[in-house]
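Student: I would like a close look at one part of this model. Please take it slowly and keep the parts connected.

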Amino acid sequence: MKRPYDLVRARPEPEFEISVDGVPIPVVPGQTIGAALHGAGVRSWRTTRIGGRPRGLFCGIGVCFDCLVTVNGSPSLRACLTEARPGDRVSTGEEEEAVSGR
């Protein structure tokens, strides 16, 4: 089966990886962090304060705040708008919650 960019004869740069809570995630150049997570099968990466309901990509265009992540120490970035860069360290907050016992 051909990949989508093979069908249009695109020649994207080589894939790279980012680290999400210490787990390597493959990225196609130009993808947002949210798109890379979705492409890797990750559908939610944080929970609501009340009820603990899962959240991830919802609107996909930066209107809501369901996909917030911390990238290289910068908190509260929308994953759907933040382009992934080689070597990015992404934290979803789940790792901190596990350590603090929340």
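Student: Is Cys 59 buried, exposed or partly exposed, and what is its relative accessibility?

Tutor: This is a predicted model, and what follows is computed from it. Cys 59 has a relative accessibility of 27%, so it counts as partly exposed. Cys 59 is accordingly in no disulfide; the nearest cysteine sulfur belongs to Cys 64 and is 3.6 Å away. The cut-off for a disulfide is 2.5 Å between the two sulfur atoms. Another cysteine to look at is Cys 80, whose closest cysteine sulfur is that of Cys 67, at 3.8 Å, which is too far for a bond. Cys 80 is buried, with a relative accessible area of 10%.

The next topic is charged side chains. Side chains of opposite charge can pair when their charged atoms come close. The structure holds two salt bridges. One of them joins the side chains of Arg 55 and Asp 66, with 3.7 Å from N to O. Arg 55 is part of strand β4, which covers residues 54–55, while Asp 66 sits in the loop between β4 and β5 (68–71), so the pair ties together parts that are eleven residues apart in sequence. The partners can also be described by their accessibility. Arg 55 counts as partly exposed, at 26% relative accessibility. Asp 66, at 19%, counts as buried, because the cut-off for buried is under 20%.

There is also a salt bridge between the side chains of Glu 83 and Arg 85, at 3.2 Å from N to O. Glu 83 is partly exposed, at 34% relative accessibility. Arg 85 is partly exposed too, with a relative accessible area of 46%.

Arg 53 is located in the loop between β3 (46–47) and β4. Its relative accessibility is 52%, so Arg 53 counts as exposed; the cut-off for exposed is over 50%. Apart from neighbours within four places in sequence, Arg 53 is in contact with Arg 46, Thr 47 and Thr 48.

To return to your question, Cys 59 is partly exposed, and the sulfur of Cys 64 lies 3.6 Å away without a disulfide to Cys 59.

Conventions. Residues are numbered from 1 along each chain as its sequence is written. This is a predicted model: local features need pLDDT of at least 70, side-chain atom pairs count only at pLDDT 80 or more; totals for chains, interfaces and linings use all residues. Side-chain values use heavy atoms; hydrogens and water are left out. A salt bridge is a side-chain nitrogen of Lys or Arg within 4 Å of a carboxyl oxygen of Asp or Glu. Helices (H or I, at least four residues) and strands (E, at least two) are DSSP runs, numbered from the N terminus. Buried means under 20% relative accessible area, exposed over 50%, partly exposed in between (1.4 Å probe, protein chains only). Contact means heavy atoms within 4.5 Å.
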